[in-house]
Amino acid sequence: MSAICGIVGESAAGGRGRRDVGLMLDLLAPRGPDGAIIHEEPGTPRPVVFGARRLAVSGVPGQPVVGRGAQPGTFAVCDAVIFNREAVRGFIRGAGRTLRTDDDAELFAHLYELEGPAGFRRVDAQFTVAVWDGARNTLVIGRDPLGVRALYYRAKAGGVLFASEIKALLAVPDVPVEADDIGASHYLTFLTVPGPRTLFKGISKLAAGSTASFDAAGRTEVKPFWDLLWDPVPEVDNEAFYVDKVRALHDAAVERRMVPSGPIAALVSGGNDSSANASIIARKIREAGGNVAQQLQTFTVGLKQFEGEAKYNDLMYAKQVADFIGSTHHESLMTNDEFLATIGVTIDAMDDLVSEPSSIFLHHALKLAKSVGTKVVVTGEANDELSCGHGEMISIRDGYYRRWLPFSRLPGVVKKLAAAVAPLASPKRADILQRAA
């Protein structure tokens, strides 16, 4: 994980931009402790100051750089891990361009010049990027298709600020710290704050798979450059086709996330999702002639007070997986006090409120992985559905179609009557029926 930040416009004039970007970089240090730059571009119509930090992993240089395209007025910074770098470099060279560095930021600058924001679709990556388009006097920021890496911004009369974390924006002296009442309401309703809002007034989050452009007239335009439905898998009347397709894509996705050399970590719970990921990693290591015990570290965290109760702990199942694949396994049990003490830490780390207890365990597991020297960790986050790890989701979906939709289509008077008598007939379902009404 690395970080980017920057200021464009009058807010960056007179040395304030360099000062404020420095303040933001200080707050972003945990994301990129291995190198940082502040870049102030001379001669631009509007003052432009970019900042970047980098976490060095095996095979990737530590010092971030400003990437330049073929046109003098285009340059970029990025927080990225690109999994198809050679394919992207080949496309750029095929367009008759010369690559001057090995840094990913240069790739984004060239892609933008060649195809605009649509060029970002060529990158299989987790990324955020900021591009200064000198020809159009415009700042463009972008975020990867699934939103793995976050990017926040504040657009005002004096210019635009952006950063990988909200706390970095709040470090700038003239950025007010105010709660967004609608964002807070959304959190209480959905246990998250749907974008573009955040919990902070005036600070927006960039949507996944989108870019935001800010021109000299103060206009902001947010547009998607990728959508899941734009490239659908062709429908075929063959179940085996889909099974094989998912397996092939899953296998390739995990393989791309394995670093060129050095140890890799995987979080395991014994569930289908993390077990599948760790098993694929172990198989790839063996196929390459490596030693799984030396190259793959697995980690599991549980609650000490509930040790022995399978309902609350995954240790037994995770150990079975680790033994099966031959990884070097690490376990840690948190006390209740440690669990409670970590809540504030995770809120600070995520710039958000914690709505999932699993965030606490995830933080503890990642801290454990860092303590043994691993910098690249593969998790099972968002992989449960792919690996059929949440069977109850199927029953919830079926219940939606069998009960919720038919009820919602009834006349309003009937729904209101049902909601009114629900507390008498079925107290446990009263809230559901009232919301349906």
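Keep in mind that the model is predicted. Two strands, β9 and β11, have five of their five residues buried. Elsewhere, four strands make an open parallel sheet, and helices α6 and α7 cross at roughly 70 degrees.

- Let's start with β9, residues 159-163, which is mostly covered, with five of its five residues buried.
- G159, L161 and A163 point one way from the strand, V160 and F162 point the other way, and all of them are buried.
- Strand β1 (residues 3-9) runs antiparallel to β9, and five bridges join the two; I7 sits opposite L161 of β9.
- Strand β8 (residues 152-156) is also antiparallel to β9 and is joined to β9 by five bridges.
- Y153 has F162 of β9 as its bridge partner.
- β8 and β9 form a hairpin, with two residues between them.

- β11 covers residues 210-214, and five of the five are buried, so the strand is largely enclosed by the rest of the structure.
- Strand β7 (residues 138-143) pairs with β11 in the antiparallel sense through four bridges, with G142 and T211 as bridge partners.
- Strand β12 (residues 220-224) also runs antiparallel to β11, this time with five bridges; here T211 stands opposite K223.
- The β11-β12 hairpin has five residues between its strands, and G218 in that hairpin takes a positive phi near 90 degrees.

**The open parallel sheet**

- Strands of a sheet pair through backbone hydrogen bonds, either parallel or antiparallel.
- Here the pairing is parallel, and the four strands come in the order β15-β14-β13-β16.
- β15 (328-334) and β16 (377-378) are the edge strands, each pairing on one side only.
- Further in, β13 (residues 264-267) and β14 (residues 296-303) pair over four bridges, and I264 stands opposite L296 of β14.
- Helix α9 (residues 315-325) lies across β14 and β15 and runs at about 170 degrees to β14.
- Helix α10 (residues 336-350) packs on the sheet too, touching β14 and β15, with its direction at about 90 degrees to that of β15.

**The α6-α7 crossing**

- The axes of α6 (residues 239-256) and α7 (residues 272-287) come within 9 Å and cross at roughly 70 degrees.
- That makes α6 roughly perpendicular to α7, and the crossing is right-handed.
- On the α6 side, the contact uses H250, D251, V254 and E255; on the α7 side, it uses A276, N277, I280, I281, R283 and K284.
- Sorted by class, those residues are four nonpolar, two polar and four charged.

**A buried lysine**

- K415 is found in helix α13, residues 412-425.
- Is K415 buried or exposed? Its relative accessibility is 11%, so K415 counts as buried, the cut-off being under 20%.
- Leaving out neighbours within four places in sequence, K415 is in contact with F407, S408, L410, A436 and A437.

Note on methods. Residues are numbered from 1 along each chain as its sequence is written. This is a predicted model: local features need pLDDT of at least 70, side-chain atom pairs count only at pLDDT 80 or more; totals for chains, interfaces and linings use all residues. Side-chain values use heavy atoms; hydrogens and water are left out. Axes are lines fitted to C-alpha atoms, for helices over the stretch in contact, and angles run from 0 to 180 degrees between N-to-C directions. Angles under 35 degrees count as roughly parallel, over 145 as roughly antiparallel, 65 to 115 as roughly perpendicular and the rest as oblique. A crossing is left-handed if the near helix is turned anticlockwise from the far one by less than a right angle, and right-handed if clockwise. Contact means heavy atoms within 4.5 Å. Ala, Val, Leu, Ile, Met, Phe, Trp, Tyr, Cys and Pro count as nonpolar, Asp, Glu, Lys and Arg as charged, and the others, Gly among them, as polar. Two strands pair if DSSP finds at least two bridges between them. Buried means under 20% relative accessible area, exposed over 50%, partly exposed in between (1.4 Å probe, protein chains only).
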